Amino acid sequence: MQLKRFTFSPFEVNTYILYDKSKECIIIDPACNNKQEQDYLLNFIKENRLKPVKLLNTHCHLDHIFGNKFIADTFNLETEAHKEEENNINNALNAAHLYGIQMKEPYPIKKYINENDLIKFGFSELKTLHVPGHTAGSLVFYNIEDNFAIVGDVLFKSSIGRTDLPGGNYETLISQIKTKLFNLPEKMNVYPGHGPETNIGFEKHHNPFLNDEKYT
Ligand SMILES: [Zn+2]
Ligand SMILES: [Zn+2]
């Protein structure tokens with residue numbers, strides 16, 4: 001499996017395209033919110049002769065769904081996310097208004113993803129974890145053999161997702177990261193929804209929010 005990262009919008013959201021030799025690809029958190037960013041994404045797909053077959057959201061905060069409608073319409077795809085993200089979809093226009101951002105009403109979630117669901121495309125397969133705390137329906141997509149996890153806003157390099165927005169809970173986030181994400185191999189690469197990549201072992205030992213020894 002190959003992974004391509006784009007960083008879009010003033011929120012600097014990481015959008016990921018995963019693809020393999022079949023040329024099928026999936027798009028995770030399309031955050032392109034103007035024509036230039038849309039064209040950039042389309043050009044990559046065209047140049048690599050890829051065929052998008054799925055549109056996934058790690059979660060449905062405004063900044064992660066900017067490009068949902070564009071991708072859904074362009075490639076005739078349906079939004080897939082956790083059911084608990086419906087509130088965020090419904091609040092997106094209000095949130096956009098607060099930030100002074102122009103946005104069309106996003107499509108509802110058409111297909112629900114649950115923990116342990118397998119996401120299949122081409123010759124590839126991703127596993128799913130449900131890791132609430134940043135939002136109620138945050139998902140992590142990972143593949144052990146290819147050694148990577150796409151974690152949305154659950155975990156960042158040396159930080160964690162904010163927990164002060166509706167559906168967020170600090171204690172839940174900490175315990176969910178420790179019991180679920182930290183069960184993944186230490187060498188596994190972690191691709192967050194914002195900022196640079198990291199790996200499970202580094203965060204286990206150095207993340208100030210998650211490294212208990214720091215406080216003893
Ligand atoms: Zn978020
Ligand atoms: Zn975000």
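View 1. Strands β2 and β3 pair in the antiparallel sense over four bridges; two strands count as paired if DSSP finds at least two bridges between them. Helices (H or I, at least four residues) and strands (E, at least two) are DSSP runs, numbered from the N terminus. The model is predicted: local features need pLDDT of at least 70, side-chain atom pairs count only at pLDDT 80 or more, and totals for chains, interfaces and linings use all residues. Residues are numbered from 1 along each chain as its sequence is written, while chains are lettered from A and ligands numbered from 1 in the order in which they are written. L18 has I26 of β3 as its bridge partner. Four residues lie between the two strands of this hairpin. In the turn, K23 has a positive phi of about 75°.

**View 2. The crossover from β3 to β4.** From β3 the chain passes through α1 to β4. This β-α-β crossover is right-handed: with the strands pointing away from the viewer, the path from the first strand over the helix to the second runs clockwise. Strands β3 (residues 24-28) and β4 (residues 51-56) pair in the parallel sense over five bridges. I27 is bridged to L55 in β4. Four of the five residues of β3 are buried (20 or more other C-beta atoms within 10 Å of a residue's own, with C-beta atoms placed from the backbone).

View 3. Six strands make up an open sheet of mixed pairing, in the order β1-β2-β3-β4-β5-β6. Its edge strands are β1 (2-8) and β6 (111-112). Each of these pairs on one side only.

**View 4. Helices on the sheet.** Helix α1 (residues 35-47) packs on the sheet and touches β1, β2 (13-19) and β4. Contact means C-beta atoms, placed from the backbone, within 7 Å. The direction of α1 makes about 165° with that of β1. Axes are lines fitted to C-alpha atoms, for helices over the stretch in contact, and angles run from 0 to 180 degrees between N-to-C directions. Helix α2 (residues 68-75) also packs on the sheet, touching β3, β4 and β5 (79-81). The direction of α2 makes about 145° with that of β4.

**View 5. The surrounding chain.** The protein chain has five helices and 14 strands. Of its 216 residues, 41% count as buried. Its C-alpha trace spans about 55 × 40 × 30 Å along the principal axes.

Terms used
Two residues are in contact if their C-beta atoms, placed from the backbone, lie within 7 Å. A residue is buried if 20 or more other C-beta atoms lie within 10 Å of its own, exposed if 12 or fewer, and partly exposed in between; C-beta atoms are placed from the backbone.
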